[in-house]
Amino acid sequence: MTKKRNIPSQEESRERDSFFMQQALDLALKGRGRVSPNPLVGCVIVDAHGHRIGAGYHKKYGNAHAEVEAIRSVEDPEALKDATVYVTLEPCSHHGKTPPCADLLASLPIKRVVIAQKDPNPLVNGSGIEKLQAHDIEVSLGVLEQEAEQVNEFFNHAQRFGRPFVTLKMAQTVDGYLAAADGDSQWITGKAARTKVHEWRSHYDAVLIGRQTAMADNPELTVRHVRGRQPMRVVLDGPYTLPRELHLFSDKHEAKTTIITWNKEASSDDVDPMIKLMKHNYFRGKVIQVAKKEGHVDLREAISALGTIGVQSILVEAGQQLGSALLREGLVDKVELFLAPKMLGNGTRSIMDIGAFTMRDICTLKEVTWQQIGEDMLLTGYI
């Protein structure tokens, strides 16, 4: 008597797809801060019997992609016959630093590829799926798509809008102040919140501040409380007069500091390197010139200029003026607001004059979540 084969129901198939795709998403997140400007990608391989036989993720820019890592982890190549590959982003179909992953998958005896999100990169954008289907591989698209979109929100935004994703980080008292009347702001939030900020820094390509924050706080903008990559440090210095004794210009990460200025005299690209070395307080970082707008650096041009040098994500740790200006210009995509259980009664407000004069103009955050971080509350919302 022939043994009846158990065929999973549609609901069971969806649950299984979601289960393994979540594993792939968890793997993808392990590459945060290391793969930019590439996307975060995770991959899980399941054999014809429903057993996980391989997994991998994109670990570092220029290294093997997630699909390659997953295939390499499979101990028995025979197990790939009729296997299902779960990948968080459409396999690439073009030659970059590595060969196309779609071609690699198409060469295997696999049966099915489950993809969370189509790649918004114009060089891919469906062509990877077409290659798989041309080799009679079944493709399922959109499993945990929302979750995948969030995992790659930096990459997706840069591809779709042509500029870096900008997050504005603020910390304020419950009555809306980010500094006391004497200018002191250390510390409004607790240690857990400050550690969270260091974790964020390691995930973003760049951390941005303005002149006033640089002068008032002399921040290091380094990753200290957690292990992670040191991001580019960007300071807006229109007149190009910030003192070179500041940490940004004199510590071991000086070369990772970028100054954005409107001062045309700031550039010394055409100066002989030996002359520059002999100059007092020679700056080893990068200088970017943009237009001047109403006496300040043109913020839109500044953000775009950072995009042209490979920056996909920017964490803004600004004071009142820069934060308000970015909101007014419509350049903020996400807000991370720490609310400390403290009151000042006076001092410097966190936000002022963002162009909302009536309730119809009000800026309403979307997809809002609240999270307790130590003794503080963290509000996360999108604009």
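The structure is a predicted model, in which local features need pLDDT of at least 70, side-chain atom pairs count only at pLDDT 80 or more, and totals for chains, interfaces and linings use all residues. Residues are numbered from 1 along each chain as its sequence is written, and side-chain values use heavy atoms, with hydrogens and water left out.

Start with the whole protein. Its secondary structure comes to 12 helices and 18 strands; helices (H or I, at least four residues) and strands (E, at least two) are DSSP runs, numbered from the N terminus. Taken along the principal axes, the C-alpha atoms fill a box of roughly 90 × 55 × 40 Å. Of the 383 residues, 49% count as buried. Buried means under 20% relative accessible area, exposed means over 50%, and partly exposed lies in between, with a 1.4 Å probe and protein chains only. Contacts (heavy atoms within 4.5 Å) can also be sorted by distance along the chain. Among those between residues at least 6 apart in sequence, 74% join residues at least 24 apart.

Next comes strand β1, residues 42–46. This strand is mostly covered, with 5 of its 5 residues buried. Gly42, Val44 and Val46 point one way from β1, while Cys43 and Ile45 point the other way. Two strands pair if DSSP finds at least two bridges between them. In general, strands of a sheet pair through backbone hydrogen bonds, either parallel or antiparallel. Strand β1 runs antiparallel to β2 (residues 52–57), and 5 bridges join them; here Val46 stands opposite Arg52. The hairpin of β1 and β2 has 5 residues between the strands, and in it Gly50 takes a positive phi near 90°. Strand β1 is also joined to β3 by 4 bridges, again in antiparallel fashion, with Ile45 opposite Val85.

Helix α1 can be followed from Ala24, which is found in it. Ala24 counts as buried because its relative accessible area is 0%. Not counting residues up to four places away in sequence, Ala24 touches Gly42, Cys43, Val44, Tyr86 and Thr88. Ala24 and Ala116 are 92 residues apart in sequence, yet their C-alpha atoms are 9.6 Å apart in space.

A residue in a loop can be buried too. Ser93 is found in the loop between β3 (84–89) and α3 (101–106), and Ser93 counts as buried because its relative accessibility is 12%. Leaving aside neighbours within four places in sequence, Ser93 is in contact with Pro100, Ala102, Leu123, Val124, Ser127, Gly128 and Lys131. One of these, Leu123, is 30 residues away along the chain, and its C-alpha atom is separated from that of Ser93 by 7.5 Å.

Ile209 stands opposite Val235 in β9.

Buried residues in α6 include Glu153, Phe154, Phe155, Asn156, His157 and Ala158. Just after α6, Gly162 takes a positive phi of about 70°.

On a 1 Å grid over the protein atoms alone, a pocket is an open set of points where a 1.4 Å probe fits, with protein on both sides within 12 Å along at least five of seven lines; lining residues have an atom within 4 Å of a point. The pocket is lined by 41 residues, of which Gln150, Val151, Glu153, Lys334 and Tyr382 lie nearest its centre. Elements that each supply at least two lining residues include α1, α5, α7, β15, β17 and β18.
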